[in-house]
Amino acid sequence: MLQIKKDDYQNLVSAHDQKRPILKNCLKAFFVGGFICVIGQGISFFYMYVFDFTEETVGDPTVATLIFITMLLTGFGVYDKIAQFSGAGTAVPVTGFGNAVISAAMEHRTEGFVQGVGANMFKLAGSVILFGVFSAFIVALIKTALMEFGVIG
Amino acid sequence: MKIGKQSWLYQNKPRLLSTGTAAGPFEGKGNIADYIDLIHKDLYMAQPSFEQAHQQLIEDACKLTVQNAELRFADIDFFIGGDLINQLTPTNFAARSNHIPFLGISNACATSAAALAMAGLIVNSDGAQHILTGASSHYAAVEKQFRYPTEYGAQKPPSSQWTVTGAGIGLVSKNGNGPYLARATIGKVMDLNQKDPFNMGAAMAPAAADTILNHFNDHKLAVNYYDLIVSGDLGQIGRSITIDLLRSNGLNIQADKFIDSGLSIYADNQNVFSGGSGAGCSALYLYSKLYQQLKTCKLNKVLFVATGALLSPLSTLQKQSIPVIAHAVALESGAI
């Protein structure tokens, strides 16, 4: 019969564990994430110079284009491989959000459009929307209060 | 018959008469591809969903096993098997088509050894002439249930494992030639407070070590009795911890006589992190390469230990630790 205490075992596990290469992962995330932003900037310039967009209005078509590219990469099974390499680099930009929605939609396609795709599409991304909206609400409350008391103009 | 605290001795030597294995395309590029009977080109296996593809794997492996023994489904007394999917639907649905009296069992990735041990006991005690037994898993179906969508870009840590797409089925028979079941040890559920679902090897190692220690103790075997100990899906981390645990508990196992199925299925250039996993992992290796090695007497005495992490996605989210189990079955070639 095996004789070992839980604490001793935790030490043994730590000694054998393969740690995540955090520094390497951070560098890869920085460069891949930056590269995605460079592509986004390029798309913005394209819309501004070729079409009639301004710096304020170019955001929406740029995001839509990036998400469209993400959709293709996810559908062809490439995005998850890039993500394994780059980690947060592909998760943080809007492409990561797009991938979360699209992959969930694909995954649950066999369960039908309403109860499958519809019900599960925001399974991963739903909390991003919820907490995004909620934190925006809190920030707006703080800003309104500060303006009311004349702290900020 | 029962021996020691939790072990069985199969004194009538139930034979492993034949086996059948089916696997996915990724496994087809691995190290044991030549030993697998059927390799599908596509993860869908011409089915509309991954779950049905999973079922297809089991049906294929069952057919191949019975064909390899030159029998028919009508000759088989019982079918004992399981998988990882909710309500065992792939195995249950596969059992619908072969009309063999069926027992579905679930011990997570230890299902293969649990089913084999039970089949051995039933045949050993004249409860049946022929029993089909095995386990299976499908990468995409299991990922969908336990982790994220297949195409979701989440970075996996080096300690995580790759679910094997494969089914391994064996036929345990009262008479015949070939490797036989010699002994078994049924493990108990253990928990050393491991909580990381991306490090199953560390969670399962204590169960493997406990069952192996009890096996040697119950059967009063010498430490070097077996040519090889084959674990199911401990992976690199779990395997090295298990060897450490065995040594610190007085069983001085040689590292080169302890291999892991999850580390043997894939080639070095296939990045599967800490190794393969899943109920099909141990079953695929046991009923393909290991069986052939026993049959051709390249190996004579093997202890097969399948380990299982008994978690669910719900238990993980509710922050519970991971209970684990391991069962061991000893197979011998009969050459000496």
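Which residues of chain A does the UniProt annotation "transmembrane region" cover? According to that unreviewed entry, the answer is residues 29-50, 62-79 and 124-146. Please keep in mind that this is a predicted model.

**Chain A: annotated regions and domains**

- Two of the regions annotated in the UniProt record as "transmembrane region" are residues 62-79 and 124-146 of chain A.
- Chain A is divided into domain 1, residues 22-122, and domain 2, residues 126-153.
- Taken over C-alpha atoms, the centres of these two domains of chain A are separated by 27 Å.

**Where the two chains touch**

- The contact between the chains involves 31 residues of chain A and 31 residues of chain B.
- On the chain A side, α1 (6-16), α4 (79-86), α5 (88-91) and α6 (94-107) each supply at least two residues.
- Of the elements on that side, α6(A) gives the most, with seven residues.

**Nonpolar cores**

- The largest nonpolar core has 112 residues, and those touching the most other members are Ala113(B), Ala117(B), Phe304(B), Val305(B), Ala309(B), Ala328(B) and Val329(B).
- Both domain 1 (2-173) and domain 2 (180-332) of chain B contribute to this core, with at least three residues from each.
- A second, separate core has twelve residues, including Ala83(A), Val101(A), Leu124(A) and Ala154(B).
- Leaving aside residues up to four places away in sequence, Ala309(B) touches Ala108(B), Cys109(B), Met200(B), Ala203(B), Met204(B), Ile322(B) and Val324(B).

- Helix α1(B) runs over residues 50-68; its 19 residues reach 27 Å from first C-alpha to last, close to the 27 Å expected at 1.5 Å a residue.
- This helix, α1(B), is mostly covered, with 14 of its 19 residues buried.
- Just after α1(B) comes Glu70(B), which takes a positive phi of about 55°.
- Helix α3(B), residues 111-124, has 14 residues and reaches 20 Å between its first and last C-alpha atoms, close to the 20 Å expected at 1.5 Å a residue.
- For α3(B), 14 of its 14 residues are buried.
- A positive phi also follows α3(B): Asp126(B), just after the helix, has a value of about 65°.

**Strand β10 of chain B and its partners**

- Strand β10(B), residues 180-185, is mostly covered, and six of its six residues are buried.
- Strand β2(B), residues 7-9, runs antiparallel to β10(B) and is joined to it by three bridges; Ser7(B) stands opposite Thr185(B).
- Strand β15(B), residues 324-332, also pairs with β10(B) in the antiparallel sense, over five bridges.
- In this pairing, Ala184(B) stands opposite Val329(B), and Val329(B) is among the core residues touching the most other members.

- Look for Gln87(B) in the loop between β5 (78-82) and α2 (89-98) of chain B.
- Gln87(B) counts as exposed because it has 10 other C-beta atoms within 10 Å, and a residue is exposed if that number is 12 or fewer.
- Gly104(B) is 17 residues from Gln87(B) along the chain, and their C-alpha atoms are separated by 9.4 Å.

Terms used:
Residues numbered from 1 in each chain as written. Chains lettered and ligands numbered in written order. Predicted model: local features only at pLDDT ≥ 70, side-chain atom pairs only at ≥ 80, totals over all residues. Helix = DSSP H or I, 4+ residues; strand = E, 2+ residues; numbered from the N terminus. Expected span 1.5 Å × (residues − 1). Buried ≥ 20, exposed ≤ 12 C-beta atoms within 10 Å, placed from the backbone. UniProt positions renumbered as here; feature names shortened; annotations may be inferred. Core = buried A, V, L, I, M, F, W, Y, C linked by C-beta atoms within 7 Å. Domains from an automatic or database assignment. Contact = placed C-beta atoms within 7 Å. Pairing = 2+ DSSP bridges.
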